[in-house]
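Hi,

Here is the structure I promised to pass on.

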Amino acid sequence: MIKGTKINVIAWAAAAVLLAAVILLNMVFSKVDVSLDVTPYNAYTLSDQADEVLSSMEKPVDMYVLYKLDDLYEGVSPGEQEYMMVDMFVKTVRQMDKFDKITLHEVDIVQDPDFVDEVDPEGLMNLSSADVVLKCGDSVRDVAFLDLFKTNEKTSSIEFYGENMILSAVNYLETGITPTVYFTTGHGEKAIEKYSSIIRTLRTQNYAAEALDIAQKGSVPGDATTLVIAAPKEDISDKERDIILDYMAQGGNVTLLMSPNEEKMVYSNIEKIMDTYKIAMDYNKVFETANEYFVEDDKYTVYCNFTDIDFNQGLINTQGDVQLIMPPSRSFYSTADEDDESGITVEPLIETFNTAQSEVCGGTDKDAMPPAGMLYLAAYGEDPSRNNSKIFVCGSADFIDDDTGSEIYLSLSHYLFLTTISWMDTQNTEMIYPTRIAAADYISIPDTKTGNIILVIMIAFPVAIALTGVLIWNRRRHA
């Protein structure tokens, strides 16, 4: 056998052995259900921290995914961003299911609509397909599927927070910590005793409610889901403002129920808190000019609507043909402009009809021009730079108190308040469980000319190497 032929035989034999080894390994891995995650950031593998937490669980937790997991892949193809999102979610919950204390259930709520009524009889979770419900004894937590993913504005990559959020809910259930709604005192607020009805409902949803004097306490307790300031007659102090802002910087949430106040004063510190979320309030009292849009003999108790945004869809579905009614309220507006780069989200939640007007109520501006037309009586803000800290503002503290009267308000306002509580109830765990990313590696090409040059290099360089190899092989063959 001549030398060149011998080398060729050895090369082909090595290639055949390598191919056979790859096929054999693939068959072995497929049989034992083993895969290797070679993606950046281990996008499809639970973190070591998650493994440690799930391994040390003492209480059993049932995890219900409100969809058949394999059906989530329908309509998406490998390589697409939507496919990677689904794949990370499915692989995450299936890996969690392998731990002794986690039991995964797949529930098709279209085929089994009664399940939603069983797990959420009050309809406060606004559950949708693919959401995750975690249950431990009588305690229940839910995680919305759409909340598991966020777009990084700087890189345009999709970041997966599923491990964070699911383990956060598991942590609540495992530790037995009861998230608490704190009602502030010390500024003439409406007393917590006035909210016994809403507090009873909160307790059925595994929340506690307590009064809190921030000035005396000196901090906001760590188990706070939200801090409620309800109809204060006086502004908070500078010290209290700083305590609250520090709490919100750590991901804390605040609910401001700012009923109209006729006193000639301003809420400077409360307004400073709102301003950090691009929200401002009017010193006014809203009323209706159209008879069909206010309660008989009371033009200040007005008919209004939930705004048509994603946040409100569950409320709108619950509402049906029932009209939302609000007691005497002030209005709010957003101070964000089109060029704002803070990343803060501001959305109105309740709006009047365009026949509404308002009159000056409180404040110190003698020349104030009260707004009219479609006015916003409630809104929310969210700031990703503060660990997704959230704020809910409403123009009345009366809309959820015991004196409101369910026959008039029909609990719609209660549903709004409880929905915001559920929305705020997300323990931040970004520092504990690493975020995973669904993104393909890429390079930035500044212009077409550069792109063509790169394309030529990418094609020509391998071809040149191949031709060189052929020439060398040909010369040795005839040597």
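First, some ground rules. This is a predicted model, so to speak of local features I needed a pLDDT of at least 70, and side-chain atom pairs count only at pLDDT 80 or more, while totals for chains, interfaces and linings use all residues. Residues are numbered from 1 along each chain as its sequence is written, and side-chain values use heavy atoms, with hydrogens and water left out.

**Confidence.** pLDDT is the predictor's confidence in each residue, from 0 to 100. The protein chain has a mean pLDDT of 82, with 77% of its residues at 70 or more. Where pLDDT is low, the predicted coordinates should not be read in detail.

**Strand 7.** Five of the five residues of strand 7 (residues 180–184) are buried, so the rest of the structure largely encloses this strand. Buried means under 20% relative accessible area, exposed over 50%, and partly exposed in between, using a 1.4 Å probe and protein chains only. Thr180, Tyr182 and Thr184 lie on one side, Val181 and Phe183 on the other, and both faces are covered. Strand 7 runs parallel to strand 8 (residues 208–212), joined by five bridges; two strands pair if DSSP finds at least two bridges between them. Valine 181 has alanine 209 as its bridge partner in strand 8. Strand 7 is also parallel to strand 9 (residues 224–230), with four bridges, and there threonine 180 stands opposite alanine 224.

**Strand 19.** Seven of the eight residues of strand 19 (residues 376–383) are buried. Its neighbours are antiparallel: strand 17 (residues 345–352) is joined to strand 19 by six bridges, and strand 20 (residues 389–394) pairs with strand 19 over six bridges. Glutamate 347 is partnered by tyrosine 380 of strand 19, and alanine 379 by valine 393 of strand 20. In the hairpin of strands 19 and 20, with five residues between the strands, asparagine 387 takes a positive phi near 55°.

Helix 12 (residues 412–424) has 13 residues and reaches 19 Å from its first C-alpha to its last, close to the expected 18 Å (1.5 Å times one less than its number of residues). Eleven of those 13 residues are buried, so helix 12 is largely enclosed by the rest of the structure.

A nonpolar core is a set of buried Ala, Val, Leu, Ile, Met, Phe, Trp, Tyr and Cys residues joined through side-chain atoms within 4.5 Å. The largest one has 41 residues, of which Leu257, Ile350, Phe392 and Phe399 touch the most other members. Helix 12 gives the most to this core, with seven residues. Apart from it lies another core of 36 residues, including Leu72 and Leu148.

**Cysteines.** I count zero disulfides, where a disulfide is a pair of cysteine sulfur atoms within 2.5 Å. For cysteine 304, the nearest cysteine sulfur is that of cysteine 394, 9.0 Å away.

Cheers

Notes:
Helix = DSSP H or I, 4+ residues; strand = E, 2+ residues; numbered from the N terminus.
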